[in-house]
Amino acid sequence: MNNQEQQNVAHPFNEEAWNRETYEAWVQRFGTPDEAADRIGKQPLKSLSVLGEAIGDPAGQRIMNLMGSNGSKAVALALLGASVAVVDFSPGNQRYALELAEAAGVPLDYVVSDVLKLDMTTLAGTFDIVFAEMGILHYFTDLTPFLNVVQTLLAPGGRFVLRDFHPVSTKLISSRGTTAKIRKHKVDGDYFDTSLEEQEASFAKYAEGESPKVWLRKWNLGEIVTAVAQNSLSISRLDEEPNLSGDSFDKGIPKTFTLIAHK
Ligand SMILES: C[S@@+](CC[C@H](N)C(=O)[O-])C[C@H]1O[C@@H](n2cnc3c(N)ncnc32)[C@H](O)[C@@H]1O
C-alpha cells in the first residue's frame with residue numbers, strides 16, 4: 001500500500017464531521033472543563049473503568065491515547081502519575097482536553113493530526129502503553145495502517161490496549177426499550193457485512209444544528225483479532241464484557257471487548 005492509499009483508509013467525511021463544534025458538545029455533556037476536572041480529580045481510577053485494569057499501574061509510564069477525543073481518560077491517567085500524549089484530528093477536542101488538563105493541574109501533550117499521518121520523528125518507539133477506546137476501529141476501512149501506527153509508537157515489550165464496542169451488539173443485535181423490563185432484542189443484523197454504514201457522529205446528540213454524519217466499517221471479532229496478530233503484536237488477552245452500567249440490563253449480551261497485545 002502506498003502513502004496516498006494508506007491515508008485514504010480513514011474516510012474524509014469523518015474528519016469534517018469531527019471538526020465541527022465538539023467543544024460545545026463536550027460542555028453540554030460533561031460541563032465546563034473546570035467542572036469535569038473536579039469530577040475526574042475526585043476518582044481518577046474509577047473514571048477509567050475497565051481501562052484502568054487493562055493498563056495497570058500508570059505511575060511513571062509513558063502513555064499514548066490514540067483518537068483520545070476530549071482527553072478525559074488521558075487526564076485521569078496523568079492524575080495517576082503517567083506522562084500522557086493524545087492524538088486526535090479535532091481542534092475542538094484539543095481545546096476541551098487542554099483546558100481540562102490545565103484545570104486538573106496536569107501536563108498533557110495533545111497532537112492534532114490524522115492518526116494515520118502522524119509525524120513519528122520524535123514519537124517512534126517511545127511509549128510503554130498505547131491505547132484507544134470506544135469507537136475506534138470502525139473509522140478505518142483497513143486495519144493494517146492503524147495497527148502499524150500502534151506498532152511504531154510502542155517501545156519494545158510495550159503494551160497495546162484496545163477497548164471497543166462488541167460486534168455482536170453493533171452488527172448483529174438491535175435493541176429497543178429503555179428499561180430492563182420493556183427491553184426487546186432482535187437478531188436482525190449481518191455479522192459478516194463488510195459495507196460502509198452512515199451514522200450520526202457520537203457527539204451529535206449534544207451538538208446544536210444539523211447532525212454531523214460519519215461513515216463506519218464495522219469489523220467482526222475474528223477480523224480484529226486477525227489484524228492485530230498479523231501486525232507483529234502478540235495478543236495476551238481478549239475479554240468480552242457485558243453492559244457494565246446495570247446488572248440486569250441486556251444481561252447475557254456482549255457490549256464491549258478489551259484486547260491486550262504486546263510488541
Ligand atoms: C468516538 S471517539 C473515540 C472515543 C473516545 N475515546 C471517547 O470516549 O470519547 C472517536 C475520536 O476519534 C477521532 N478520530 C476519528 N478518526 C480519526 C483519525 N483518522 N485520526 C485522528 N482522530 C480521529 C475523532 O475526532 C474522535 O475524537
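Which of the 41 residues in the largest nonpolar core touch the most other members? They are Met64, Leu66, Val115, Val130, Phe146, Leu153 and Phe160. Please keep in mind as you explore that this is a predicted model.

**The cores**

Strands E1 (62-66), E2 (83-88), E4 (127-133), E5 (154-165), E9 (213-217) and E11 (256-262) each supply at least two of its residues, and so do helices H9 (144-153) and H11 (221-229). The biggest share comes from H9, which gives five residues. There is also a second, separate core of 29 residues, and Tyr23, Trp26, Val86 and Phe131 are among its members.

**The chain as a whole**

Stepping back, you can trace 11 helices and 11 strands in the protein chain. The chain has 263 residues, and 48% of them count as buried. Its accessible surface comes to about 12,900 Å², with 49% of that belonging to carbon and sulfur atoms. Among contacts between residues at least 6 apart in sequence, 68% join residues at least 24 apart.

Phenylalanine 160 lies in strand E5. Is this residue buried or exposed? Phenylalanine 160 counts as buried because its relative accessibility is 0%, and the cut-off for buried is under 20%. Leaving aside neighbours within four places in sequence, its contacts include Val130, Phe146, Leu147 and Val150. Leu233, Leu259, Ile260 and Ala261 are also among the contacts of phenylalanine 160. Isoleucine 63 is 97 residues away from phenylalanine 160 in sequence, yet their C-alpha atoms are 10.0 Å apart in space.

**Arginine 163, a charged neighbour in the strand**

Strand E5 also holds arginine 163. With a relative accessible area of 7%, arginine 163 is buried. Which side chains make polar contacts with the side chain of arginine 163? One is glutamate 241, at 3.0 Å, and another is threonine 256, at 3.3 Å. Setting aside neighbours within four places in sequence, arginine 163 is in contact with residues including Ser49, Val50, Ala132, Glu133 and Met134.

**Around the ligand**

How many residues surround the ligand? There are 17, and the closest are Asp88, Asn93, Asp114, Val115 and Glu133. By type, the shell divides into eight nonpolar, six polar and three charged residues. Three of the distances between protein and ligand atoms are set out here.

| Residue | Protein atom | Ligand atom | Distance |
|---|---|---|---|
| Aspartate 88 | polar side-chain atom | oxygen | 2.6 Å |
| Valine 115 | backbone N or O atom | nitrogen | 2.9 Å |
| Glutamate 133 | polar backbone atom | nitrogen | 3.1 Å |

Taken alone, the ligand exposes 600 Å², and the protein buries 92% of that area.

Leaving aside neighbours within four places in sequence, valine 115 is in contact with Leu66, Met67, Val87, Phe140, Phe146 and Val149.

Technical notes:
Residues are numbered from 1 along each chain as its sequence is written. This is a predicted model: local features need pLDDT of at least 70, side-chain atom pairs count only at pLDDT 80 or more; totals for chains, interfaces and linings use all residues. Side-chain values use heavy atoms; hydrogens and water are left out. A nonpolar core is a set of buried Ala, Val, Leu, Ile, Met, Phe, Trp, Tyr and Cys residues joined through side-chain atoms within 4.5 Å. Buried means under 20% relative accessible area, exposed over 50%, partly exposed in between (1.4 Å probe, protein chains only). Helices (H or I, at least four residues) and strands (E, at least two) are DSSP runs, numbered from the N terminus. Contact means heavy atoms within 4.5 Å. A residue is near a molecule or strand if one of its heavy atoms lies within 4 Å of it. A polar contact is a pair of N or O atoms within 3.5 Å; within protein, one must be able to donate a hydrogen and the other to accept it, and residues adjacent in sequence count only if both atoms are side-chain atoms. Accessible areas come from the Shrake-Rupley method with a 1.4 Å probe; for residues, only the protein chains shown count as cover. Ala, Val, Leu, Ile, Met, Phe, Trp, Tyr, Cys and Pro count as nonpolar, Asp, Glu, Lys and Arg as charged, and the others, Gly among them, as polar.
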